[in-house]
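Try each task before you read its solution.

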Amino acid sequence: MGVPALIVAAGSGQRLGAGGPKALVELSGRPLYAWSVDAFRRATRIDRIFVAVPPGQAGQFEEPGIITVEGGETRSHSVANGLAAITADGDPGMVVVHDAARPLVSPALIDAAVIGLDSDPELHALIAAAPMTDTVKRLGEDGIVVETLDRSELVSVQTPQVFRIPNLQAAIAAGDLSAATDDASLVEAVGGSVGVIESPSGNIKVTVPADLELAALLLERSR
Ligand code: CTP
Ligand code: MG
């Protein structure tokens, strides 16, 4: 049986500054979010695709076959709304959460993440992550470096993130949704075990205009 996907696309895209929702910004001839929808369509483990959209703008999300859900005030609220829709007629077991802002996600990564969580009963979630390439330092309140962190212990967290639905529901119910930047951190906060799966370097996030240019170049190259 397949797993439902939730693509969160309800953000306003302040840092991109395109004057409208980031998910609808054009990337290589299509709205940004459509590239993620495509990858999830091609993933063999996915059976339904929910998309959390900016309130009142569902009509602009026209990809065939998707199920739109109204997003919320923060990313985690959008995930909570999507999860409510996904579980409205029962618990499908697992869910894959993905940011529409990562248009280069591959079907292979999506499937590998689902299979990875499905085959490890110890884990409550499995998330895509990349090794750190920058050196990372921690600053004190005065803005002065306190320490240089050991990069070999750090990863840069991305999406897709796969969850067992009861764990994600419990984490959302207990968590501070306004502060969380991903859902795995909510699962960690309630003691859940979160594993990582290494994502390819191309799984970039579109945050600022330069990212959009890079995504277009990478898409062009992969054609
Ligand atoms: N997101 C969402 N609902 C929100 C906020 C964010 O569904 N209330 C989604 C975005 O659409 C995006 C993903 O979460 O796909 C990651 O968020 P981010 O990259 O921060 O996108 P925006 O919030 O749109 O951008 P910004 O923070 O620059 O305004
Ligand atoms: Mg944001």
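Before we start: the model is predicted, and Ser28 lies in the loop between β2 (26–27) and β3 (30–31).

**Exercise 1. Work out whether Ser28 is buried, partly exposed or exposed, and describe its backbone.**

Solution. 
- Step 1: get the relative accessibility of Ser28, which comes out at 24%.
- Step 2: compare that with the cut-offs. Buried means under 20% and exposed means over 50%, with partly exposed in between. At 24%, Ser28 therefore counts as partly exposed.
- Step 3: look at the backbone. Phi of Ser28 is near 45°, a positive value in a residue other than glycine.

**Exercise 2. Classify Glu26 by its accessibility and find what its side chain reaches.**

Solution. 
- Step 1: Glu26 belongs to strand β2.
- Step 2: check its accessibility. The relative accessible area of Glu26 is 56%, so this residue is exposed.
- Step 3: follow the side chain, which reaches the backbone nitrogen of Gly29 at 3.0 Å.
- Step 4: for a sense of scale, go to Asp118, 92 residues along the chain from Glu26. The two C-alpha atoms are separated by 35 Å.

**Exercise 3. Find which residues Ala216 contacts, leaving aside neighbours within four places in sequence.**

Solution. 
- Step 1: go to helix α6 (residues 209–222), where Ala216 is found.
- Step 2: list the contacts. Ala216 meets Leu27 and Ser28, once neighbours within four places in sequence are left aside.
- Step 3: Ala216 and Gly29 are 187 residues apart along the chain, and their C-alpha atoms are separated by 9.6 Å.
- Step 4: With a relative accessible area of 26%, Ala216 is partly exposed.

**Exercise 4. Decide whether Pro54 is buried or exposed, and say what it touches.**

Solution. 
- Step 1: find Pro54 in the loop between β4 (46–53) and β5 (67–70).
- Step 2: read off its relative accessible area, 6%. Buried means under 20%, so Pro54 is buried.
- Step 3: name the contacts beyond four places in sequence: Ala9, Ala10, Gly11, Pro21 and Phe61.
- Step 4: take a C-alpha distance to Gly90, 36 residues away along the chain; the separation is 25 Å.

**Exercise 5. Describe how ligand 1 is held among its surrounding residues.**

Solution. 
- Step 1: locate ligand 1, which sits in the largest pocket.
- Step 2: count its surroundings. There are 18 residues around ligand 1, and the closest are Val8, Gly13, Gln14, Ser78 and Lys205.
- Step 3: A backbone N or O atom of Gly13 is 2.8 Å from an oxygen atom of ligand 1. A side-chain N or O atom of Lys22 lies 2.9 Å from an oxygen atom of the ligand. For Thr74, a backbone N or O atom is 3.3 Å from a nitrogen atom of ligand 1.
- Step 4: look at the cover. On its own, ligand 1 has 560 Å² of accessible area, and the protein covers 87% of that.

**Exercise 6. Start from Thr74 and examine Ser178.**

Solution. 
- Step 1: the C-alpha atoms of Ser178 and Thr74 are separated by 6.1 Å, though these residues are 104 apart along the chain.
- Step 2: Ser178 sits in the loop between α4 (165–174) and α5 (183–189).
- Step 3: not counting residues up to four places away in sequence, Ser178 touches Thr74 and His77.
- Step 4: its relative accessible area is 53%, so Ser178 is exposed.

How values were computed
Residues numbered from 1 in each chain as written. Chains lettered and ligands numbered in written order. Predicted model: local features only at pLDDT ≥ 70, side-chain atom pairs only at ≥ 80, totals over all residues. Heavy atoms only, no water. Helix = DSSP H or I, 4+ residues; strand = E, 2+ residues; numbered from the N terminus. Buried < 20%, exposed > 50% of the residue type's maximum accessible area, 1.4 Å probe, protein only. Contact = heavy atoms within 4.5 Å. Near = heavy atom within 4 Å. Polar contact = N/O pair within 3.5 Å; in protein donor to acceptor, adjacent residues only side chain to side chain. Areas by Shrake-Rupley, 256 points an atom, 1.4 Å probe, with all protein chains shown as cover. 1 Å grid on protein atoms, 1.4 Å probe; cavity = no way out; pocket = protein on both sides within 12 Å on 5 of 7 lines; lining within 4 Å. Sits in = over half its atoms within 2 Å of the grid points.
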